[in-house]
Amino acid sequence: LASWNVNGIRSCINKGYLDWILQESPDIISLQETKASPQQFPSALVENSDYQIFSVSAKKAGYSGVLVQTKEQPLLVKNKIDIKKFDDEGRTLICEYENFILINSYYPNGQRDHNRVPFKLEYSDAILELALKLIKEKKKEVVLCGDFNTAHHEIDLANPESNKKSTGFLPIERKWMDKLVKSGFIDVFREFNPNQKGHYTWWTYRNNCRERNIGWRLDYFFLRKPLLSKVKSCRIAPEVSGSDHCPVILEIDL
């Protein structure tokens, strides 16, 4: 499974996205911030016969949007969580497979003035509530992935001291990540790399931050203990360009 905030699917395709698919060949690809409706998807994306495409776009043009490319036909796909203000922004795709349920989410940015932080936390709560409900009702485990727009711990960003009042590292945002973990979800990458510093998934385009590896880890896979023993690896791929984020790749034997 791969998860990647592509910061515009059309732009990312122009920067080598299709080459990356050929090389990596994930079974399921979850993309965030596609910034396009299906009618705007490049033909090269749509014509790839290895994958079926499911997507949802925001009502506002060129904004948000998530997409799943999958080799295996899901049993069920839902592109909303039935809360209008979140569904209007095209932030969620839920794909149910035989052995698990995937929730691909693009969590809101809290904005520099923090005015969207309450919206972000409300969306986050709605996703967690949905995940726990699906586990109970469907008797299947849930994999959460996407751009969470929060660095959980100080190890997850290059400059924690200077960013304590920045959205993405606010105490209230980090507290929600604590809540996610307390509910039983495990940060898979950190589980396998508990003390390793310098692993980030997003870098600002300014000041050569990517080259200098001054970044934030904002993109995650979360799952619960019943699936953890099936995980073979979880890695971040900073060498893959095409966006200001890089892919996160989870190998799991289901």
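Contact here means heavy atoms within 4.5 Å. Keep that cut-off in mind for the whole tour.

**Before selecting anything**

This is a predicted model, in which local features need pLDDT of at least 70, side-chain atom pairs count only at pLDDT 80 or more, and totals for chains, interfaces and linings use all residues. Residues are numbered from 1 along each chain as its sequence is written, and side-chain values use heavy atoms, with hydrogens and water left out.

**Whole chain**

Show the cartoon. The protein has eight helices and 12 strands. These are DSSP runs numbered from the N terminus: helices are H or I with at least four residues, strands are E with at least two.

Zoom out. The C-alpha atoms fill a box of roughly 45 × 40 × 35 Å along the principal axes.

Colour by accessibility. Of the 254 residues, 54% count as buried. Buried means under 20% relative accessible area, exposed over 50%, and partly exposed in between, with a 1.4 Å probe and protein chains only. Now turn to contacts between residues at least 6 apart in sequence: 69% of them join residues at least 24 apart.

**The cores**

Select Leu1, Val143, Phe221, Leu223 and Leu250. Within the largest nonpolar core, of 30 residues, these touch the most other members. Such a core is a set of buried Ala, Val, Leu, Ile, Met, Phe, Trp, Tyr and Cys residues joined through side-chain atoms within 4.5 Å.

Centre on Val143. Leaving aside neighbours within four places in sequence, Val143 is in contact with Leu1, Phe100, Ile101, Leu102, Ile103, Phe221, Phe222, Leu223 and Leu227. A second, separate core has 27 residues, including Tyr107, Leu128, Leu170 and Phe222.

**Thr201**

Go to the loop between helix H7 (188-192) and strand E10 (219-224); Thr201 is there. Is Thr201 buried or exposed? Its relative accessibility is 0%, so Thr201 counts as buried. Beyond four places in sequence, Thr201 has contacts with Trp216, Arg217, Leu218, Asp219, Ile236, Asp244, His245, Cys246 and Val248.

**Two positive phi angles**

Most residues other than glycine have a negative phi. Stay in the loop between H7 and E10 and pick Asn213. Phi of Asn213 is positive, near 55°. Asn213 is partly exposed, at 32% relative accessibility.

Next, pick His114, in the loop between strand E7 (100-106) and helix H5 (117-138). His114 has a positive phi of about 70°. With a relative accessible area of 27%, His114 is partly exposed.

**Phe119**

Step into helix H5 and select Phe119. Phe119 is buried, with 13% relative accessible area. Which residues does Phe119 touch, not counting those up to four places away in sequence? Lys85, Phe86, Glu89, Arg91 and Pro108. Now draw a C-alpha to C-alpha distance from Phe119 to Tyr51: 33 Å, across 68 residues of sequence.

**Last stop: Glu251**

Select strand E12 (residues 248-252), where Glu251 sits. Glu251 is partly exposed, at 43% relative accessible area. Outside four places in sequence, Glu251 is in contact with Lys230, Val231, Lys232 and Ser233. Lys230 is 21 residues from Glu251 in sequence, and their C-alpha atoms are 8.7 Å apart.
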